[in-house]
Amino acid sequence: MLSQSLSPAVTKLMREDGRPVEWLVAPQPVDYPAAVAAMEARAAAIAAGEAPERVWLLEHPPLYTAGVSSKDADLLDAGRFPVHRTGRGGQFTYHGPGQRVAYVMLDLNHRGRDVRAFVRGLEQWLIGALGEFGVPAGVREGRVGVWVERKGPGWSREDKIAAIGVKVRKWVSFHGVSLNVEPDLTHFGGIVPCGIQEHGVTSLVDLGVPATMDEADEALRASFHRVFGATVGATPPA
């Protein structure tokens, strides 16, 4: 199905205490190793009860990341951009300007302790955000991420518009999702995205939706509230 309502398991992802999640937007592109270090430090602090949950929205310079299930054969052009091996789930993916990356550091101890429900929640979050732009999207059995169906006279195909790759340690999540707003789609040509060769990649702008990154952030925040609960703005560090 192209969309689905929230299941009872997903609705448990809201905190019973209603404590808001920090919502942090980086004003400039962030180097990938620095982002991973900061994300892991925050996840450890959340697990220790020393910091609140956080969603960190940012862009990266052009790069490829390889998840724990990645296959070397899916890296088609190793010299094109830096390649970072990472501990998140999934296979190869691309990050770069025009793509909104959201690192999600949530304490699942307060959100049901159900990793499958958490991933379903991430999917519903992205589907809801795309719905803010009138873009019908959904998940597909056997494929990770969020997809759109495209049709024309005598043809149809399915393209991926958002990726998901997470890790959970001590019931605190990190890594997260990426939504294609207006990236250079040719940059995906250096990899087999998520190991899937028979389908394409698209973006909001490629679909004819002239969304800005700020507008995408607003849509993501509105949808996040419906799935995970309240947020509170946080000031980026100097």
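User: What makes α3 mostly covered?

Analyst: In α3, 13 of its 17 residues are buried. Buried means under 20% relative accessible area, exposed means over 50%, and partly exposed is in between (1.4 Å probe, protein chains only). Keep in mind that this is a predicted model: local features need pLDDT of at least 70, side-chain atom pairs count only at pLDDT 80 or more, and totals for chains, interfaces and linings use all residues. Residues are numbered from 1 along each chain as its sequence is written, and side-chain values use heavy atoms, with hydrogens and water left out.

User: How do you know that the length of α3 fits a helix?

Analyst: Helices here are DSSP runs (H or I, at least four residues), strands are E runs of at least two, and both are numbered from the N terminus. The expected span is 1.5 Å times one less than the number of residues. For the 17 residues of α3 that should give 24 Å, and the end C-alpha atoms are 24 Å apart, so the two agree.

User: What caps the N-terminal end of α3?

Analyst: That's D114: one of its side-chain oxygens lies 3.2 Å from the backbone nitrogen of R116. A polar contact is a pair of N or O atoms within 3.5 Å; within protein, one must be able to donate a hydrogen and the other to accept it, and residues adjacent in sequence count only if both atoms are side-chain atoms.

User: And R113, what stands out there?

Analyst: R113 has a positive phi of about 50 degrees although it is not a glycine. R113 is in the loop between β6 and α3, and at 47% relative accessible area it is partly exposed.

User: Where else does a positive phi turn up?

Analyst: K170 has one, about 55 degrees, and K170 isn't a glycine either. K170 is in the loop between β9 and β10, and its 67% relative accessibility makes it exposed.

User: Why is the pair of W125 and F228 called edge-to-face?

Analyst: Rings of Phe, Tyr and Trp (its six-membered ring) pair if their centres lie within 6.5 Å; planes under 30 degrees apart are stacked, over 60 edge-to-face, and the rest tilted. The structure holds ten aromatic pairs. For W125 and F228 the centres are 6.3 Å apart and the planes sit at 90 degrees, so the pair is edge-to-face. W125 is in α3 (residues 115–131) and F228 in α4 (residues 213–228), so this pair ties together parts 103 residues apart in sequence. Ring pairs also link W23, F118, W125, F224 and F228 into a cluster.

User: Are W125 and F228 buried or exposed?

Analyst: W125 comes out at 0% relative accessible area, so it is buried. F228, at 1%, is buried as well. Contact means heavy atoms within 4.5 Å. Leaving aside neighbours within four places in sequence, W125 is in contact with W23, V55, A102, V104, V177, L220, S223, F224, V227 and F228.

User: What makes a set of residues a nonpolar core?

Analyst: A nonpolar core is a set of buried Ala, Val, Leu, Ile, Met, Phe, Trp, Tyr and Cys residues joined through side-chain atoms within 4.5 Å. The largest has 39 residues, and V55, F118, L122, W125 and F228 touch the most other members. α3 gives the most to this core, with eight residues. A second, separate core of 19 residues includes A45, W56, L58 and V172.

User: Why is the charged end of R143 said to sit over the ring of W147?

Analyst: The rule wants NZ of Lys or CZ of Arg within 6 Å of the ring centre and within 35 degrees of the ring normal. The charged end of R143 is 4.6 Å from the centre of the W147 ring, and it sits over that ring.

User: How do you know that N180 is buried?

Analyst: Its relative accessibility is 4%, so N180 counts as buried. N180 lies in strand β10. Its side chain makes a polar contact with the side chain of Q99 at 3.0 Å, and the backbone oxygen of T202 lies 3.0 Å from a polar atom of the N180 side chain.
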